[in-house]
Amino acid sequence: MKSLVSRVARWAAAFLGLITVSACYGVVYMEYNENLKVDGRVTDENDNPIEGIAVSEKHLGITVTKADGSFSLSGGFCGEDSINIYFKDVDGEKNGGKFKDDDIEVNLTYVEETDEFAADNVNIKLKLDDVR
């Protein structure tokens, strides 16, 4: 009985090890594209541009919106069909109030002529945070 338990334990350990190795090294097959660019604009509920909103994406880093609410992110990513972009009010009341954090999923488009992925006109309306 002890021998059977020992064999099952060894098989389970080998199986889990194989799954772990497969999961870790499966990433190697993903294509890394340095040509991703996301442009957009952040406004309030009345379509007024919001300056001072941090805009971030895990592969593209972080930027802050300009006076006209515009932002641009660019860099490399691992070939996904979509990315999540996060918005956070980092200057508090300076931009007309404290806005709620938000995030959106953005679908990417492959542009064959330039051999890059892009997301243009990514626009989001942020709501004022009621908690003060």
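A polar contact is a pair of N or O atoms within 3.5 Å. The model described here is predicted. The protein has one helix and eight strands, and along the sequence these elements follow the pattern α-β-β-β-β-β-β-β-β. Of its 132 residues, 28% count as buried. Among contacts between residues at least 6 apart in sequence, 59% join residues at least 24 apart.

**Nonpolar core**

- The largest nonpolar core has 21 residues, and those that touch the most other members are Leu36, Val38, Val42, Ile83, Ile85, Phe87 and Leu126.
- At least two residues of this core come from each of S1, S2, strand S4 (70-77), strand S5 (82-89) and strand S8 (116-126).
- Strand S8 gives the most to this core, with five residues.
- Isoleucine 85 is in contact with Val38, Val55, Ser56, Glu57, Asp102, Asp103, Ile104, Val106 and Val122, when its neighbours within four places in sequence are left aside.

**Aromatic pairs**

- The structure holds two aromatic pairs.
- One of them is formed by phenylalanine 71 and phenylalanine 87, in an edge-to-face arrangement with 5.9 Å centre to centre and 75° between the planes.
- Phenylalanine 71 lies in strand S4 and phenylalanine 87 in strand S5, so this pair ties together parts that are 16 residues apart in sequence.
- Phenylalanine 71 has a relative accessible area of 5% and is therefore buried, since the limit for buried is under 20%.
- Phenylalanine 87 also counts as buried, at 2% relative accessibility.

- Aspartate 44 lies in strand S1 (residues 33-44).
- Aspartate 44 is buried yet has no salt bridge, and the nearest side chain of opposite charge, lysine 125, is 6.6 Å away.
- That distance of 6.6 Å does not qualify because a salt bridge needs a side-chain nitrogen of Lys or Arg within 4 Å of a carboxyl oxygen of Asp or Glu.
- A polar atom of the aspartate 44 side chain lies 2.8 Å from the backbone nitrogen of asparagine 46.
- Beyond its neighbours within four places in sequence, aspartate 44 is in contact with Ile50, Phe99, Lys125 and Leu126.
- Glutamate 57 has its place in strand S2 (residues 53-57).
- Glutamate 57 is likewise buried with no salt bridge, and the nearest side chain of opposite charge, lysine 58, is 5.8 Å away.
- Leaving aside neighbours within four places in sequence, the contacts of glutamate 57 are with Leu73, Ile83, Asn84 and Ile85.

**Salt bridges**

- Side chains of opposite charge can pair when their charged atoms come close.
- The structure has two salt bridges.
- Aspartate 47 and lysine 125 meet through their side chains in a salt bridge of 1.9 Å, N to O.
- This pair links distant parts of the chain, 78 residues apart, with aspartate 47 in the loop between S1 and S2 and lysine 125 in strand S8.
- Both partners count as partly exposed: aspartate 47 at 47% relative accessibility, and lysine 125 at 42%.
- Lysine 88 and aspartate 101 also meet in a salt bridge, at 3.3 Å, N to O.
- Here lysine 88 is in strand S5 and aspartate 101 in the loop between S5 and strand S6 (102-107), 13 residues apart.
- Lysine 88 is partly exposed, with a relative accessible area of 44%, and aspartate 101 is partly exposed with a relative accessible area of 44%.

**Asparagine 123 and strand S8**

- Asparagine 123 is found in strand S8 and has a relative accessible area of 52%, so this residue is exposed.
- The C-alpha atoms of asparagine 123 and glycine 40 are separated by 5.2 Å, although these residues are 83 apart along the chain.
- With neighbours within four places in sequence left aside, asparagine 123 is in contact with Gly40 and Arg41.
- A polar atom of the asparagine 123 side chain lies 3.3 Å from the backbone nitrogen of arginine 41.

Definitions and conventions: Residues are numbered from 1 along each chain as its sequence is written. This is a predicted model: local features need pLDDT of at least 70, side-chain atom pairs count only at pLDDT 80 or more; totals for chains, interfaces and linings use all residues. Side-chain values use heavy atoms; hydrogens and water are left out. Helices (H or I, at least four residues) and strands (E, at least two) are DSSP runs, numbered from the N terminus. Buried means under 20% relative accessible area, exposed over 50%, partly exposed in between (1.4 Å probe, protein chains only). Lys and Arg count as positive and Asp and Glu as negative; His and the chain ends are not counted. A polar contact is a pair of N or O atoms within 3.5 Å; within protein, one must be able to donate a hydrogen and the other to accept it, and residues adjacent in sequence count only if both atoms are side-chain atoms. Contact means heavy atoms within 4.5 Å. A nonpolar core is a set of buried Ala, Val, Leu, Ile, Met, Phe, Trp, Tyr and Cys residues joined through side-chain atoms within 4.5 Å. Rings of Phe, Tyr and Trp (its six-membered ring) pair if their centres lie within 6.5 Å; planes under 30 degrees apart count as stacked, over 60 as edge-to-face and the rest as tilted.
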